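Hi,

Here is the structure I promised to pass on. Have a look at it first, and then read on for what turned up.

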Number of protein chains: 2
Amino acid sequence: MNIAIVGSGNVASHLNRALKPKAAVSLVNPHSLEGLPENVDVVIIAVADDAIAEVASLIPDSGALVVHTSGSVPIETLAPFFSKYGVLYPLQTFSKDIRLQYDEIPVFLEASSEETLSILKQTASLFTSHIRNADSYTRKILHLSAVFACNFANALIGIGYDILKENGIEGEVLQPLLSQTFMKLMTMQPEQAQTGPALRGDRRVIQSHLDILENQPELAEIYRLISDIIYRKKHLLK
Amino acid sequence: MNIAIVGSGNVASHLNRALKPKAAVSLVNPHSLEGLPENVDVVIIAVADDAIAEVASLIPDSGALVVHTSGSVPIETLAPFFSKYGVLYPLQTFSKDIRLQYDEIPVFLEASSEETLSILKQTASLFTSHIRNADSYTRKILHLSAVFACNFANALIGIGYDILKENGIEGEVLQPLLSQTFMKLMTMQPEQAQTGPALRGDRRVIQSHLDILENQPELAEIYRLISDIIYRKKHLLK
C-alpha cells in the first residue's frame, strides 16, 4: 500500500513510524506539499484541526482515499475536495520523543462509503487490531473523555507538582504515588480506585486544604467542585 | 524490633506486610486494642484521621514510641498521651488488593525529640530508603499535592469514563491513553507532557466540548477552569 502522511507534528511522525514497517510511506510537508507522490492509495492529513480544510484544498483529488486524524473535525470538512474521504482517529496522546505500542492504540474510523471504509480498515489494520467505527459525534465524545482523562488529569498532576515546588519540594516525590494511581486503573474502575478526604467526606481535612489555597481562588474552586463530585458519586445523590 | 500496628484499614494492612519481613509485628484491633503487646518498641496508629486522638487516649504510655500516619493531623495530637511520639507519613495511596513496592514509598517523619526521631528513622528504614523529615505544615502540603495528583486526577479519569458510558462506550478504551499519559510523567514534567485543545488555545474545539456539557454545569465549570490554567501556564500570564 502507498501511503502519504501530510504533516510535521507528533501525530504525523508517529503514524509514519507505525506504518513504515508495513507500507510505502511518504512524509509530506503540509505547507509546500513537497514530496506528495502522484500515485498513492491513501493520504493521511495529520495537521492541526484549524489547518485541515486549507491543507485539503491544496491536495489534488487523484481518486485516493484522503482522511484526517482529528477527534473534533467532522468528516464533511473533507467532502468538497475528494471523492473518497474519511477519518482515522487514534485515541492516544502523541509526544515526539516517547515510544508507543502502536498495536495497542484504539483507532476509530468513519468513511464516505462502504468501499472507502474497507480501504480505511485495511490501512488501520497495518498497525493496530483495535479498530472500530465511530461517527463524527461519537468521535467528539471520545475526544472530550480523553481531554478529561488525559489532558486534565495531567494538568492536576501539574498543580500537585506546583504546590510542592512553591514549598521547596521537587514534584518527582509524587512519582511512586502516580505509578500506583495508574496501576490501579489497569485492574479496576476509577470509582473503585478512588481514595482521599473527599471520598470519606472528611470536612476538617478539606477545610484545611482550602485554607492553604486561600490565595489561589481558582485552585480552591477546582478543589471544591471535584470534591463535591467525588462525594456525591459515592453517595449516589448525583 | 517489636512493632504494634493499630488499625484495620488499608494503611494498617500494607504497613503490616511491609514490616513483617524485618520485625516482630502485631496487628491490633483499633476498637478493642486486643492483641496489643505490653512490650513494644513502636506503636503505629493507622486509623482514620478523626479517630486518631480517641485511639491514642486508649493506649497506655509504656514509654514506647507512638506515631500516627496521617498527612493532615498535627503531631501535637499525640502529645497529651505519650512521652515519645511522632508521625510516619507514607506518600502513597493504599488499596487492599493491590501490591506495592514498599521500598519505593517516600516516607516523611516528624518526632517529639531527636532521640525519638532516631527510633522512627530506624523503623521506617525497615521497609524504605526514601526517608525525609517534614513538619506538620509540610506534611499538609504533601497531602494537598497528593489530593490533586492522585485523588483528583483519578476523579477526572472517572469523568472521562462516565462520558463514554453515557454514550454506550466502555471506559476501558481509555487505558492505552492513560498508560501513555502516565509513562510520560516518569521522564518529563507535567508541563512538558501537557497536550490538548486548551494548550493550543483551540477555542472552536473547547466551545464544542462545552456545548456537549451544556446540561452538566459543574463539569463545564471544571472544563473551563482547568483549560484556563493550562493555557495561562503555557503563556506565562499566571
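This is a predicted model: local features need pLDDT of at least 70, side-chain atom pairs count only at pLDDT 80 or more; totals for chains, interfaces and linings use all residues.

Chain A has an average pLDDT of 95, and 99% of its residues score at least 70. For the model as a whole, ipTM is 0.93 and pTM is 0.93.

Now for the core. The largest nonpolar core holds 126 residues, and A:Phe148 and B:Phe148 have the most contacts inside it. Take B:Phe148 and look at what it touches, leaving out residues up to four places away in sequence: the list includes A:Leu156, A:Ile157, A:Ile159, A:Ile163 and A:Tyr223, as well as B:Ala153. As a general point, nonpolar side chains tend to be buried together in soluble globular proteins.

The largest cavity has about 160 Å³ of space, and 14 residues line it. Nearest its centre are A:Ile157, A:Leu178, A:Phe182, B:Ile157 and B:Phe182. H4 and helix H5 (175-185) of chain A, and H4 and helix H5 (175-185) of chain B, each give at least two residues to that lining. By class, the lining of the largest cavity has 12 nonpolar residues, two polar and no charged.

Then there are the pockets. The largest pocket has a volume of about 870 Å³. It is lined by 39 residues, and those nearest its centre are A:Val11, A:Val47, A:Ala48, A:Asp49 and B:Arg200. Which element gives the most to this lining? That would be H4(A), with five residues. Other elements that supply at least two residues each include helix H1 (10-19) of chain A and helix H7 (197-200) of chain B. The lining of the largest pocket divides into 21 nonpolar, 14 polar and four charged residues.

The second largest pocket contains about 750 Å³ of space. Of its 31 lining residues, A:Thr195, A:Gly196, A:Arg200, B:Val11 and B:Phe94 are the closest to its centre. Here the largest share of the lining, five residues, comes from H4(B). Among the elements that supply at least two residues each are helix H7 (197-200) of chain A and helix H1 (10-19) of chain B. Its lining has 16 nonpolar, 13 polar and two charged residues.

Why does B:Phe81 count as partly exposed? Because its relative accessibility is 27%, and partly exposed covers what falls between under 20% (buried) and over 50% (exposed). B:Phe81 touches B:Ala53, B:Ala56, B:Ser57 and B:Asp61, not counting residues up to four places away in sequence. B:Asp61 is 20 residues from B:Phe81 along the chain, and their C-alpha atoms are separated by 6.7 Å.

Conventions: Residues are numbered from 1 along each chain as its sequence is written. Chains are lettered from A and ligands numbered from 1 in the order in which they are written. Side-chain values use heavy atoms; hydrogens and water are left out. On a 1 Å grid over the protein atoms alone, a cavity is a set of points where a 1.4 Å probe fits but cannot get out, and a pocket is an open set with protein on both sides within 12 Å along at least five of seven lines; lining residues have an atom within 4 Å of a point. Grid points are joined across faces, edges and corners, and a volume is the space filled by probe spheres set on the points. Helices (H or I, at least four residues) and strands (E, at least two) are DSSP runs, numbered from the N terminus. Ala, Val, Leu, Ile, Met, Phe, Trp, Tyr, Cys and Pro count as nonpolar, Asp, Glu, Lys and Arg as charged, and the others, Gly among them, as polar. pLDDT is the predictor's confidence in each residue, from 0 to 100. A nonpolar core is a set of buried Ala, Val, Leu, Ile, Met, Phe, Trp, Tyr and Cys residues joined through side-chain atoms within 4.5 Å. Buried means under 20% relative accessible area, exposed over 50%, partly exposed in between (1.4 Å probe, protein chains only). Contact means heavy atoms within 4.5 Å.
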